[in-house]
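Reader: Hi! Could you walk me through this one?
Author: Happy to, here it comes.

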Amino acid sequence: MKALSTLLSCALLGTVACARSAPASLAANTAAEVPPQAVAAIPDTAPAFNASRAMQYVKEIVAFGPRPIGSESHKKVENYILSHLKSDTVEQDNFEITASEGKFPVHNIIAKFPGARDGIIVIASHYDTNWPLRNMNYVGANDGASSSALLLEIANQLRGAKREGYTVWLLWDDAEESMKLPWDDPESLYGVRHLAQKWQDDGTIKKVQAFLLEDMIGDADLNVDRDQQSTAWLEDLILQAATRVGYQSHFFARTIYETDDHVPFIQRGVPAADLIDADYGYNNVFWHTTQDTVDKLSPKSLAIIDTVTLETVRLLDQR
Ligand SMILES: [Zn+2]
């Protein structure tokens, strides 16, 4: 994600509310206490979210170290994600990019969970860390790992349930991060730009009902921003979903203008929304630093985003 846009939106857009509301108390969530072995036994309802397992996934991704494109640890994280999807239908979208710093492999991973309705809902997260930060111990616990872990746990939930609604594709996309800092539009969002074009060329994009992006959603102080680039009605639906499950106090106190993985789909007319908390630590101080570590995160935040995302999917299924 591009932070400069956040700052600009606060500085330049007079109508935008950048003030933060007081942190809300969290509603009780018992899903975290459901043991993993209870999950597989329920055939026709979605298994409960296992927040402690999701948090364990975050820790395991982070333990590989920095995962810039082209690195050994990046390959290990790819294999780690794939190892969790062995019983699923998985498509790998592999290609090579030529950036100003050289040639790099880019690997998108898509797990497909079929539904009865004709159409696809995509839930996405990037899993790379920044190539320019490759030589410091920057592990992106929130930025990339939290959302990638969340998708692994969503896969566990989808795997165990029969879907009456749309098909859901989980997308771990690659090379989101900019090859230059602070941000370079032509040298960023490589994975999703490639996929959006591919899906436009082969007609898949017409089937995509919604593209839901998760980014930086593990912050213990969770405040998801409303994003002006996202599709307005889809943002409204997310707020409706959040309100239905009692988590609305974590949503949309602030409005930003965010360049992120949803943009190539917005540009092609796909309804898309970025679920992002772009204020990570005071004044976003942890973002893209060695301070983006697991201790700043909360399993509760993962549970909140999981619940709201799946409730949004349910509302989309009913439209
Ligand atoms: Zn980032």
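Reader: How many residues of strand E1 (residues 89–99) are buried?
Author: One of its eleven residues is buried, so E1 is hardly covered. Buried means that 20 or more other C-beta atoms, placed from the backbone, lie within 10 Å of a residue's own, exposed means 12 or fewer, and partly exposed is in between. Strands (E, at least two residues) and helices (H or I, at least four) are DSSP runs, numbered from the N terminus. Keep in mind that this is a predicted model: local features need pLDDT of at least 70, side-chain atom pairs count only at pLDDT 80 or more, and totals for chains, interfaces and linings use all residues. Residues are numbered from 1 along each chain as its sequence is written.

Reader: Which strand does E1 pair with?
Author: E1 pairs with strand E2 (residues 102–113) in the antiparallel sense, over eleven bridges; pairing takes at least two DSSP bridges. The two form a hairpin with two residues between them, and Thr 89 stands opposite Lys 112 in E2.

Reader: Switching to helix H3 (residues 72–83), which residues are buried there?
Author: His 74, Val 77, Glu 78 and Ile 81. They are on the same side of H3, because they cover an arc of only 105° around the axis, taken from the directions from the axis to the C-beta atoms.

Reader: And what's exposed on the other side of H3?
Author: Glu 72, Asn 79 and Ser 83 are exposed there.

Reader: What do the buried residues of H3 pack against?
Author: They pack against helix H2 (51–63), E2, helix H4 (141–159) and strand E4 (163–173), where contact means C-beta atoms, placed from the backbone, within 7 Å.

Note on methods:
Contact = placed C-beta atoms within 7 Å.
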